[in-house]
Amino acid sequence: MNLPRIELRQLTRKLPSGGRELTILDRVDLTFQAGEFAAVLGPSGSGKSTLLALMAGLDRPTSGEVIIDGTPIQAMSEDGLALLRRHKIGFVFQSFQLLGNLTARENVLLPIELLGQPDPVGRANELLAAVGLDDRGHHYPSQLSGGEQQRVALARAFAARPPILLADEPTGNLDGATGRKVLELLTELRRREGTTLVLVTHDPAVAALAGRRIHLLDGRVERDELPVPAVPAGSAVTGALV
Amino acid sequence: MSPGFFLRTLLRESRGSRGRLTFFIACLAVGVSAVVAVAGLSASLDQGIRREARQLLAADLAIRGSQPIPPAVNGALAHVSGLQRTNLRETVTVATVSSRDGRPGPSQLVELKVVDGVYPFYGKLVLKPARPLHELLNARTTVVGSELLARLGRKVGDDILIGGQPFRVAGTVVSEPDRVSISFTLGPRAFLSGEGFARTSLEGQGSRVSYRALFKLPEGSTAAELNAAASAVKDILPVNENYRVETYRQAQPALRENLSRIERFLGLVALLSLFVGGIGVAQSVRAWLTGRLDSIAILKCLGMRPREIFPLYLGQTLLLGLAGSLVGIVAGAAVQLFLPRLFPDLIPAELINPWQPVALLRGLALGVGVALLFSLPPLSAVLRVPPARVLRRDAEPLPRHRWVASATILILGLGIWGMAALQSHSPRLGAEFTGGVALVTALLAGTALLVIWLVRRLPRDFASLWLRQGLAALARPGAAGTSAIVALGLGVLVVLGMSLVQQRLAAQLSAEMPSNAPSAFLVDIQPDQWPGVEKVLHDAGATGVESVPVVMARLSAIDGVKVEQLVERRERDRRWGLTREQRLTYMKELPKDNKIVEGKLWSDPDPSPAHAEVSLEKEFAEGIGARLGSTLSFDIQGVPLDLKVTSLRTVNWQTFGINFFLVVEPGVLESAPQQRLAVARLPKGGEQRAQDALAAGYPNVTMLRIREILEKVLKVLQRISLGIRFLGGFTVVAGIAILAGAISAGSSRRGREVALLKTLGMTRRGVAATFTAEYALIGLVAGGIGTAGATALAYGVITRGFQIPWQLDPLSLAVALGGTVVLAVVAGLAASYRALQRRPIEVLRTE
């Protein structure tokens, strides 16, 4: 049996808020297989972003486990988590999160160089070409439009060929047409690289592209719509089914 | 991470922050320039002394002593063929002129130099007329400093009296090779020949004469030959008599030691301004990092480890530290070129050579060191930036590592101590300096926080709009004020504190001497002259005339251990107490300013000479290693005498009364060869009259005027104080740079404020007025704290250090306070100029 790419067990995150404890995520159990494309849906405050942060080791759970490729990560040091992200996880954010003092090409270069992979410039140029920005590599983020910035972010996210890609409202700050173009690129790159993609959105149209749709409400999995083609055998999808 | 990738990332990360870090560089450069100026100047002077070493010694080899140079020296040097020797004797005496109308003529203390032989061997003795000294001097002539002629109202060719004998003035001295201009002198120079000096009989009457033999080795002698000659001489000189053998290759060890002492002291003052700059560095880094939090979060998100990001930012501060230090080095070199113009009588321009690699390296090392050290505390925040910030702006910081805070403080403390130790050449002084700076900074910061806390609680309703805005700005949480206040306050403290001390000293000296203190010391009075001298003093209006006998003696053993043996066990600088010429007096009762602390005065009932008693000053006793019950053996001009220590006492030296380390019981020394020493309090006009009369009637008696000596001491103090205040000025500049930096760091917030105020209908002038109120308040608080600190410091130094009464000087305090306010307002408005110029729409649009 193949190990699941990501496994969440009883994942809980509470935040102190004005003297009280606010439960953001409440005992969530989820499993993602290699190559799966899942969308996480839910109204704001339902815990979508927190779920993503916990999966990437950006945040630490109050209780429960995050297991990536069979390794629990919640006890890892900051250094260990950083190395995990370096090797396994790519990101796309709603607000792009490009490094403002780096050119587009340098932003894409950074994860490749961190891994010390050969021919980083070639790979960066290839990715910039794939997102249609091969002539804008020397521009700084402030000189690019929102859509262009998000395409640079996409190129950067795929640069190190991470097995996992986490996207947080990647089209949230873009107009419809631009958003669609970015989504096309995202799904195309994912398909080409065989990446596991977990995408957070509140837009059903975006979620419709995914094979699996997980609905969050008040920190709990309200509904987990499995892909129409059957789940690979033996992958026990736990979670609160309707 | 490969080094190449690290460097690339470092350079990329530095983009866009370069402009914001101007203040980082400015703060650092100010301090570095002070450090470089001090180190470079001192190195220049040191080089000058080494270069001119032969001229300054006027010989290859010199022997000095308070006793005649023993004839055995000739034997020790007999093997050096072609050796030339000149003997010098020096003493202080009085020169006067014979009176025509029976009244004494004017008189003047002179530094007499008696020359037997060619002088100088090296360097130039410039005389007018331009002839060699030995051609002008004979048994009946003298050559003197021209200021002496002016004082006595005589000219070249006239006769003057020295030691009661007439000498014709054959010429004047323009410059002497071995008289350093900054050294302390008691009067103008007068040269006599050996035969001339013999006519005066000054030497036979117990005057303090110092002896010097100058030697010139044959041309082409090697350093080894010189050293061999020096050690041959040292071998035969008795260790228990204070002879000093010096070669020109040692290049004036005493003078250079003095310079080095001043350098170490001023170096610490310069370091202080660098540390104040360090506060600015920390503040700049903190402001800079605040703008980089997102970037750091993204880097962490992309998989960069905290331990990789931290060096990235530390590397940036290193680059900035290098840049700031280089700017400071250039400025420090420029300061050195500029200094001789500022203090022409103090620093000869021809000596200055700003290219002092060691000084420049020191500036670089200290500058970079301060940049790295002071940026450590703010940089440690890098470790706590939460990567979750990429998703949530308000993500809480990562938990603090327990060891990070303690390690940061430890490294900072050790680093500061290391730098202070380097600057002061002494780990202990470095530690004291570090402790002192930490304490003062903590006090200043505590006071600043207290004031801000109070301002926050102050009702503001009563105040005008401008003042209200200013108070609100000062009280704003996290306002930039605190570190600027501390830095500026520290600068004011140093500059004002120093000038308060100096002013108080000057004021004290120009006022009348305290009524119970003597104003003149008279030395070398022969016992039979005393009644006459006493009459002269009374005729000049003297009060409080006291006189005691003085017997000169040498210590030969303590408790049977010979001084020669004791000396060998001592460090060089602690031998003086043993080998000096001891002055003994005898009296039945001690003067009022003496207090017995151990034993009992004259407590041995046995009156026989075998049980003669002596009372020792406590510190002197500790210095020579004598205790209650010790037996001190003396040699009084060939006659041995044993004295038993039966009491120890403390002396209040500040009264200027006559006091002795060694007081012998009466009935022991009465028949020994002796002189008298006297003190008297003379009215202002009476001092010169008494000196003139003494010079006419008792030419061997020397009168030292305390006021004159103190004024000379004050002059030396003033020069040092000038140096400190000059360097303290750098601290003020650093403080101003910090204030400007703090304001500039908050300029986007300030821009928004301006926009809002303008939108609400406030004119540009109105906005400037609110800013002025804010900066004036910062200046007021900083000036107030600094002024209070300076007053406390000066009070301590004046009452404890100098033991003179304290007097508040409200004018200086007001000037310092007002000056700080003006500086803060000017610097603050200059730093907010851009914010003031912005139009509301530009700012609001970007919101």
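**Notes on the two-chain model**

1. Let's start with chain A. Strand S1 (residues 6-17) and strand S2 (residues 20-32) of chain A run antiparallel and are joined by nine bridges. Strands here are DSSP E runs of at least two residues, helices are H or I runs of at least four, and both are numbered from the N terminus; two strands pair if DSSP finds at least two bridges between them. One pairing to look up is A:Leu8, whose bridge partner in S2(A) is A:Leu30. The hairpin of S1(A) and S2(A) has two residues between the strands, and A:Gly18 takes a positive phi near 55° there.

2. A word on the ground rules. This is a predicted model, with local features needing pLDDT of at least 70 and side-chain atom pairs counting only at pLDDT 80 or more, while totals for chains, interfaces and linings use all residues. Residues are numbered from 1 along each chain as its sequence is written, and chains are lettered from A and ligands numbered from 1 in the order in which they are written.

3. Now chain B overall. Chain B has 27 helices and 21 strands, and its C-alpha atoms fill a box of roughly 100 × 65 × 60 Å along the principal axes. Of its 847 residues, 42% are buried (20 or more other C-beta atoms within 10 Å of a residue's own; 12 or fewer is exposed, in between is partly exposed, with C-beta atoms placed from the backbone). Among contacts in chain B with a separation of 6 or more, 84% come from residues 24 or more positions apart; a contact means C-beta atoms, placed from the backbone, within 7 Å.

4. Where do the chains touch? On the chain B side, 22 residues are in contact with 25 residues of chain A. Helix H1 (3-14), helix H10 (293-301) and helix H11 (306-342) of chain B are the elements giving two or more residues to that side, and H10(B) gives the most, with four residues. By class, that side of chain B has 11 nonpolar, four polar and seven charged residues. For the classes, Ala, Val, Leu, Ile, Met, Phe, Trp, Tyr, Cys and Pro are nonpolar, Asp, Glu, Lys and Arg are charged, and the others, Gly among them, are polar.

5. Next, H9 against H12. Helix H9 (residues 253-290) of chain B packs on H12(B) at about 45°, with the axes 8 Å apart (lines fitted to C-alpha atoms, for helices over the stretch in contact, with angles from 0 to 180 degrees between N-to-C directions). That angle makes H9(B) oblique to H12(B); under 35 degrees would be roughly parallel, over 145 roughly antiparallel, 65 to 115 roughly perpendicular, and the rest is oblique. The contact of H9(B) with H12(B) divides into 15 nonpolar, three polar and one charged residue.

6. B:Pro397 sits in the loop between helix H12 (357-379) and helix H13 (402-424) of chain B. It counts as exposed because it has 12 C-beta neighbours inside 10 Å. Leaving out residues up to four places away in sequence, B:Pro397 touches B:Arg384, B:Val385 and B:Pro386.

7. Last, H13 and H14. The axes of H13(B) and helix H14 (residues 427-457) of chain B come within 7 Å and cross at roughly 130°, so these two helices are oblique to each other. Among the residues meeting here are B:Trp417 in H13(B) and B:Phe433 in H14(B). The contact has eight nonpolar, three polar and no charged residues.

Definitions and conventions
Contact = placed C-beta atoms within 7 Å.
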